[in-house]
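Subject: Structure for you to look at

Hello,

Here is the structure I promised to hand over. Please open it first, then read my notes below.

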Amino acid sequence: MGNSLQISSRREGNDSAVLSLQGEVDVSNSELVRNEANSLLADDIKRLVVDLSATEYLDSAGLGVLVGLLKRVSESDLTLIIAGARPQVRRVFEITKLNRVFTMRDDVASALREVAR
Amino acid sequence: MSTVATSQIELRIPRKPEFVKLARCTAWTLAAQLDFVVSQADDIRLAVGEACTNAVEHVPAQVSEDIIVRFSVGPEKLVVEVLDNGPGFDVHRAGECDCRETGGLGLVIIRSIMDEVEVICDPNTGTCVRMTKFRNRQ
């Protein structure tokens, strides 16, 4: 089975970061997402945007990682925004009602404008 | 593909995370062949993935049996059963949550997107998650 997820990250300005997930997030690789996100949070950022615009599939394992991430940023007075989720991925948030819990924006640019305020 | 009688397709995968994708992709391909619309095929893929993930994550490590994914194709519906030999759900707590301590998301998702869902637990034989999607419903 090949790795069906590419994880990348970049800094935006002094205190923001974008974590991009390209491909499929599931039980086989969600731990990698958790590790990368935790590395970013340990790097003295104030705001994290998770870019799901190239995420083709996200299941409960991936959602669980994002929920854990949200708990961590909330405890640390940081900001987390989910950006660019495609309809099928957004549907998973809606089914679980987590779209009411996360701040979600249509794209990374909108999310970065929001965190810049 | 014949739709006159019920046909069965059975997939046996190792109980490892990297094989869950194989099960859900098989489910999507079959659903597409059965003329489910794309959104329905996506739902069937997600449900099968969640049921397999549950079996992978919450069956004790010492249990080494495979996961069986059985597709039963009938003229009116597709039934998918995901079977493992784990201890199963706590049926007394299985209202809105998956009580194998997944945080509840997996079973909530399955119940939201499939037309019928049964969770059958037998301490001797394991757990079967039976999910039905009717073919003539949008």
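**Where two helices cross**

The axes of α2(A) and α3(B) come within 9 Å of each other and cross at roughly 130 degrees. Axes here are lines fitted to C-alpha atoms, for helices over the stretch in contact, and angles run from 0 to 180 degrees between N-to-C directions. α2(A) is therefore oblique to α3(B). Angles under 35 degrees count as roughly parallel, over 145 as roughly antiparallel, 65 to 115 as roughly perpendicular, and the rest as oblique. The crossing of α2(A) past α3(B) is right-handed. A crossing is right-handed if the near helix is turned clockwise from the far one by less than a right angle, left-handed if anticlockwise.

Some ground rules. This is a predicted model: local features need pLDDT of at least 70, side-chain atom pairs count only at pLDDT 80 or more, and totals for chains, interfaces and linings use all residues. Residues are numbered from 1 along each chain as its sequence is written, while chains are lettered from A and ligands numbered from 1 in the order in which they are written. Helices (H or I, at least four residues) and strands (E, at least two) are DSSP runs, numbered from the N terminus.

Which residues meet at the crossing of α2(A) and α3(B)? Ser60(A), Leu63(A) and Gly64(A) meet Leu105(B), Gly106(B) and Ile109(B). Ala, Val, Leu, Ile, Met, Phe, Trp, Tyr, Cys and Pro count as nonpolar, Asp, Glu, Lys and Arg as charged, and the others, Gly among them, as polar. Two residues are in contact if their C-beta atoms, placed from the backbone, lie within 7 Å.

**The wider contact**

Chain A gives 15 residues to the contact and chain B gives 21. On the chain A side, α2 (60-75) and α3 (87-95) each supply at least two residues. α2(A) has the largest share of that side, four residues. The chain A side divides into six nonpolar, six polar and three charged residues.

Now take α3(B), residues 105-113. Its buried residues are Leu105(B), Gly106(B), Leu107(B), Ile109(B), Ile110(B) and Ile113(B). Buried means 20 or more other C-beta atoms within 10 Å of the residue's own; exposed means 12 or fewer, and partly exposed lies in between. The buried residues of α3(B) pack against α2 and α3 of chain A, and also against α2 (38-58), β4 (116-122) and β5 (126-134) of chain B.

Val92(A) sits in helix α3 of chain A. Is Val92(A) buried or exposed? Val92(A) is buried, because 23 other C-beta atoms lie within 10 Å. Beyond its neighbours within four places in sequence, Val92(A) is in contact with Leu58(A), Leu63(A) and Ile109(B).

**Strands of chain B**

β2(B), residues 67-73, and β3(B), residues 77-84, pair in the antiparallel sense over six bridges. Strands pair if DSSP finds at least two bridges between them. A hairpin of three residues joins β2(B) to β3(B). Phe71(B) stands opposite Val80(B) in β3(B). β3(B) also pairs with β5(B), antiparallel over eight bridges. There, Lys77(B) stands opposite Phe134(B) in β5(B).

**Two loop residues**

Asp77(A) is not a glycine, yet has a positive phi of about 60 degrees. Asp77(A) is in the loop between α2 and β5 (79-83) of chain A. Asp77(A) is exposed, with 7 other C-beta atoms within 10 Å. Lys97(A), also not a glycine, has a positive phi of about 65 degrees. Its loop runs between α3 and β6 (103-105) of chain A.

Best wishes
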